[in-house]
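Dear colleague,

Please find below the structure that I am handing over to you. My notes on it follow.

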Amino acid sequence: MTTASSDTVLDEVTDSAPREAPPTTAAGGEARRERWVAIGYLLPALVVFGLFVFWPLAKSILLSVQGTDILGNPSGFVGGAHYTRLFGDPDFLQVLWVTFAFTILTVIPSIAIALLIALLLQSRIRGVRFFRTAFALPFAFSVATASVIFGVLFNPASGVLNGILSHLGVDKVQWLTNPDLALWSVSGATVWMQIGYNLLVLSAGLGALPEDVLEAARLDGASGLRLQRSIIMPLLTPQLFFLVVVGTIHSLQSFGQIKILTVGGPEDRTTTLVYSIYEQAFANNNSNYGYASAQAMVLLVIVLIITALQFGVLERKVFYR
Amino acid sequence: MKSRKFGNVGTYLILGVLFLIVLFPVYYGLVGSFMGERDTNSFPPALWPKNGLHPENYSNALGIIPLGNQYLTSVLQTLAITLGQLITSALAAYAFVFLNLRWRAFWFGVFLSTMMIPFESIIIPNYLLISQWGLKDTIAGLALPFLATGFGTFLLRQSFLSFPMELRDAARVDGAGHFRFLFSILLPLSRPSLAALGIWSALSAWNMYFWPLLATEDPRHQTIQIGISQLQTSDSDSPGMVLAGVMLALFPTLLLVIFGQRFIVRGLTAGAVK
């Protein structure tokens, strides 16, 4: 879950209104020198971004309008051919549908479950500290460690899930090889991977709720569900909104659980956009870099649109104090 | 009072059920890593070790693939990325907060934009670049693309912004240059934020999957994450050993999450909450 990319998405919300230090009022020559010093301090990061973010971005765009020969080398300009192929390709339309379904199946349940746990942990009962630490543990799992454990649990012949179901008289379920079920199973594992992070964000949000407002509401006789629905939930909307955006972007980028649990199958029913990019470019020495890059650009545009929605339209409707 | 007590019982009940479900994979990962094949491969499988403990799962896991090498690779990769991010972020954040930077808004936008571009969408050219430079199967190849982050820069910038200007002016009057002020005054006083960034960097570096899968081929140079995912496919007949590998890979991040939660939350709120 905590891939480098989850960092990347973590802080789309970093201050939209930067509070800058006032420019120093030094004499002309020194000020000019300081400008170069300042660039020098930015330089290490800029070099990394230039080489590994901006140059690859330009290269991706270039690759997406070029053909690829059998060795994976660009073989001349093809214009928008890859893009027209993409949107006429029923396989790719299925990829988009699977990606969409996977996102819905992971984002909403993982937020709902984390919210339920976070609210329960608000109550003043004994042992809350223990529960808090325990529920945060899934956060330590990487996509690989979690997927391997779920792979063992999902094993149809000797896995614990089928073992438990057998006590209820249910026949062995093909969790990962039944075409109608595989996406649900992978989504279930992904929901589990997301709960820890969502819980941390929501708990931090709940912990920062203004005590005076809660106290005033309690004095007015609000309690239990009423307090939660009318006071706590509206105050929590920034965190919920943040989680929807971050979770969506994160789900769109999911790869490891699919590679480890289903390799995109059965019948490509778990092939998401990123897995499809991997398959076209890297699996079986395909080296189909041109076509894969066009898919990568689709991913980029989708993520940019979601980010723009977050910054522009929706943020205004969220309740901020 | 009566309804309150009943409410508590209800709370415990729901929490308990959720606890069992959410923590079950953690429990089974740990307990299963000590179970023998008689327990794991029978049906229905045992939920606890009925036929003795099998700590040899761990030595088997270490033996079947070069897990020791892979552990070292993961450690070095994580150290390189964490240190790299701390340094580049501290320098850049310093320029944003304390230096007379020209086109500040433009550079701000550049750093911000790096956070909106999903790495998966630019992973192909990165792979081609690292291969072209002959850096596959090296620590450099694993770490280079991640040595700077917009997230880290903004996290430290946030903390630098609250640094008292009087202290900074006093340091300058005393003749401390930018470099000295940054490293001997500002950074030591920003330790909590550095710890938050360090933990986030380390967690994400250690847990990385897609990039190390591409950047390495030789099993001896792969990271532990890739190693354990291949344990599963290479030997699905002994889940105990596979789970032992998982526990080994999990150990460092488990410690970070249990003992560093305070700092993790700090990093979280630096990004998430207004």
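Is Asn284(A) buried or exposed? Asn284(A) counts as exposed, because it has 6 C-beta neighbours inside 10 Å. Here a residue is buried if 20 or more other C-beta atoms lie within 10 Å of its own, exposed if 12 or fewer, and partly exposed in between, with C-beta atoms placed from the backbone.

This is a predicted model, in which local features need pLDDT of at least 70 and side-chain atom pairs count only at pLDDT 80 or more, while totals for chains, interfaces and linings use all residues. Residues are numbered from 1 along each chain as its sequence is written, and chains are lettered from A and ligands numbered from 1 in the order in which they are written.

Asn284(A) is not a glycine, yet it has a positive phi of about 50°. It is found in the loop between H12 and helix H13 (289-311) of chain A; helices (H or I, at least four residues) and strands (E, at least two) are DSSP runs, numbered from the N terminus. Asn285(A), also not a glycine, has a positive phi of about 50° and is exposed, with 9 other C-beta atoms within 10 Å.

Two peptide bonds also deserve mention. The bond from Gly265(A) to Pro266(A) is cis, with omega near -15°, and Pro266(A) lies in the loop between helix H11 (256-261) and helix H12 (273-281) of chain A. In chain B, the bond from Phe43(B) to Pro44(B) is cis, with omega near -5°; Pro44(B) lies in the loop between helix H2 (37-40) and helix H3 (56-64).

With kind regards
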